[in-house]
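The sequence and structure come first.

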Amino acid sequence: TEITAERGSDLFTAGRAWTWQGTWRDFSVHGPWGTYSQLQSALPGNHQVENAATAIMATWMLRPAGNRFG
């Protein structure tokens with residue numbers, strides 16, 4: 001978007017930059033880091049898969065920028 005461009009920031013959108021599939025009992029998450037598979041959530045509910053995927057992306061984003069894209 002314009003704001004991210006103005007600020008020199010990256011914009012990552014769920015469903016595009018990272019995706020997930022499965023249920024809370026067995027799911028996988030794919031993003032710029034590759035794929036994590038055979039994941040499980042201790043919290044019941046399929047919405048927890050999206051929450052976990054977003055947490056994985058946030059953790060990846062917190063890595064130093066020099067290590068993110070290499």
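Predicted model: local features only at pLDDT ≥ 70, side-chain atom pairs only at ≥ 80, totals over all residues.

**Sheet**

Strand 2, residues 26-31, pairs with strand 3 in the antiparallel sense, and four bridges link the two. A hairpin through two residues joins strand 2 to strand 3. The sheet is open and is formed by three strands in the order 1-2-3, with antiparallel pairing. Strand 1 (19-23) and strand 3 are the edge strands, as each pairs on one side only. On average, neighbouring strands of this sheet are turned by 5° against each other, direction ignored. Helix 2, residues 47-61, packs on this sheet and touches strand 1, strand 2 and strand 3. The direction of helix 2 makes about 145° with that of strand 1.

**Two residues**

| Residue | Relative accessibility | Class |
|---|---|---|
| Thr4 | 16% | buried |
| Gln38 | 71% | exposed |

Thr4 lies in helix 1, which spans residues 2-7. Thr4 counts as buried because its relative accessible area of 16% is under the 20% cut-off. Leaving aside residues up to four places away in sequence, Thr4 touches Ser9, Asp10 and Leu11.

Gln38 belongs to strand 3, residues 34-39. Gln38 is classed as exposed because its relative accessibility of 71% is over the 50% limit. Although Gln38 is not a glycine, its phi is positive, at about 60°.

Methods: Residues numbered from 1 in each chain as written. Heavy atoms only, no water. Buried < 20%, exposed > 50% of the residue type's maximum accessible area, 1.4 Å probe, protein only. Contact = heavy atoms within 4.5 Å. Pairing = 2+ DSSP bridges. Axes fitted to C-alpha atoms, helices over the stretch in contact; angles between N-to-C directions.
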